[in-house]
Amino acid sequence: MRVLPCSSLPILLLLLQPWETQLQFAGPRCRTGPLDLVFVIDSSRSVRPFEFETMRQFLVGLLRGLDLGPNATRVGVIQYSSQVQSVFRLGAFLRRDDMERAIRALVPLAQGTMTGLAIQYAMNVAFSVAEGARPPEARVPRVAVIVTDGRPQDRVAEVAAQARARGIEIYAVGVQRADVGSLRAMASPPLDEHVFLVESFDLIQEFGLQFQGRLCARDLCNGVDHGCEFQCVSEGLTYRCLCPEGRQLQADGKSCNRCREGHVDLVLLVDGSKSVRPQNFELVKRFVNQIVDFLDVSPEGTRVGLVQFSSRVRTEFPLGRYGTAAEVKQAVLEVEYMERGTMTGLALRHMVEHSFSEAQGARPRVLNVPRVGLVFTDGRSQDDISVWATRAKEEGIVMYAVGVGKAVEEELREIASEPSELHVSYSPDFSTMTHLLENLKGSICPEEGISAGTELRSPCECESLVEFQGRTLEALESLTQNLAQLTARLEDLENRLGTHK
């Protein structure tokens with residue numbers, strides 16, 4: 001963005017007004033259905049006056065394209081620098097003129113850039129019922145638009161993940177000097193639809209129009225009971241359901257396939273070393289949850305445990321803790337990044353000695369439940385892996401190795417079971433690793449992979465009881481026949497003894 005001299009500021013303001021008008025009349029105001037929308041605006045000292053004016057006009061232009069009302073879109077605005085200030089809360093104004101007046105009166109805070117603090121405030125305060133948000137049971141979408149011009153001075157990845165886990169959809173808009181990595185760490189997936197880097201006036205307008213278009217696309221999915229298991233997408237006057245990558249839509253057009261028949265004890269070993277970096281660790285957690293999406297997680301079906309390792313090893317949750325996919329996915333989102341070194345050998349030892357123990361929730365070996373370990377790493381191990389990689393396979397654990405970036409192929413092959421082409425996966429970049437999902441599904445998913453044909457039956461199931469009863473009756477019939485034969489022989493012996501007397 002080119003810096004304008006003071007004498008050019010009136011010209012800039014004149015140029016801004018047509019943009020507001022263009023946004024307002026870009027099309028008819030769409031009926032978005034109920035929506036709680038909070039704008040999180042960076043007003044740190046690095047934001048120059050004319051840049052802040054651009055963000056101010058950006059807000060005013062967007063407001064003019066929204067369907068505002070107590071039962072439609074509610075809007076709140078907060079600004080932040082080293083502290084957070086509520087400009088107006090979700091329930092404060094219902095008239096557009098009142099909102100515009102508050103935005104035009106906004107005075108920048110002009111201090112630091114504590115973006116993580118602002119996200120925390122939005123999550124805990126701005127989207128609270130007390131501030132005017134609709135209660136969670138109302139299932140009203142919650143959307144946060146973060147506009148920033150620089151690198152945050154605090155951590156954003158963890159708190160943004162918590163906000164997304166609470167159902168807040170985050171758009172991250174960066175102005176000129178913004179750090180792209182931080183924007184990606186904050187935004188909701190898919191990133192190409194939620195991350196925008198604004199380098200010129202035209203791009204601000206482009207984001208505003210695209211954002212308004214996406215809100216309009218919510219109409220049908222928000223207005224009907226679509227019943228989609230994973231995601232509903234509006235398409236004109238109709239809608240369709242989507243499934244996560246690696247899963248297919250079923251014949252009912254609403255549900256997604258998953259591993260239904262098999263039983264697996266699955267332990268995931270996730271590399272949390274400093275080379276991964278916070279934003280990539282969030283992508284790893286998202287990847288883990290995509291794996292969980294195609295598993296039939298239950299106490300009787302697939303059990304999932306997660307271990308994170310760096311210079312030490314930490315069990316995030318054991319196999320026996322969670323009984324549903326939703327619980328597992330929530331626990332994954334809450335995992336905090338460890339950083340430090342890469343002790344893969346230590347992690348393998350922990351998995352063999354602890355993670356697959358019955359005390360940690362693994363099922364007894366007599367039940368013949370497959371045990372699967374999946375190691376996710378991005379670099380060379382700082383300790384020896386050979387002993388415990390071999391030991392894991394000797395213990396009957398089917399091992400998979402997923403490498404990203406600078407992961408070492410020889411180590412991946414040493415960790416993985418044979419044949420390596422079925423048990424080793426690699427992606428050059430964290431953002432492109434979702435293509436590995438289908439390969440993992442074909443291997444881990446019980447009806448398709450390692451436990452195909454494995455039968456785990458409870459002795460209390462009806463079919464088992466009938467089978468037991470049938471076998472018992474057969475045994476009793478055989479015993480009765482044997483007793484009858486023995487009785488006949490005894491009678492014959494008694495007769496012979498009587499004859500001799």
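1. Cys241 is buried, with a relative accessible area of 6%; buried means under 20% relative accessible area, exposed over 50%, and partly exposed in between (1.4 Å probe, protein chains only). Cys228, at 11% relative accessibility, also counts as buried.

2. This is a predicted model, in which local features need pLDDT of at least 70 and side-chain atom pairs count only at pLDDT 80 or more, whereas totals for chains, interfaces and linings use all residues. Residues are numbered from 1 along each chain as its sequence is written, and side-chain values use heavy atoms, with hydrogens and water left out.

3. Cys228 and Cys241 form a disulfide (a pair of cysteine sulfur atoms within 2.5 Å), their sulfur atoms lying 1.9 Å apart. The link is left-handed, with -70° about the S-S bond. The pair links distant parts of the chain, 13 residues apart: Cys228 lies in the loop between α9 (219-223) and β7 (231-235), and Cys241 in strand β8 (residues 238-242). Helices (H or I, at least four residues) and strands (E, at least two) are DSSP runs, numbered from the N terminus.

4. Strand β1 (residues 35-42) is largely enclosed by the rest of the structure, because eight of its eight residues are buried. One side carries Leu35, Leu37, Phe39 and Ile41, the other Asp36, Val38, Val40 and Asp42.

5. β1 pairs with strand β2 (residues 73-80) in the parallel sense over eight bridges; pairing requires at least two DSSP bridges between two strands. Six bridges join β1 to strand β4 (residues 142-148), also in parallel. The bridge partner of Asp36 is Arg74 in β2 and Arg142 in β4.
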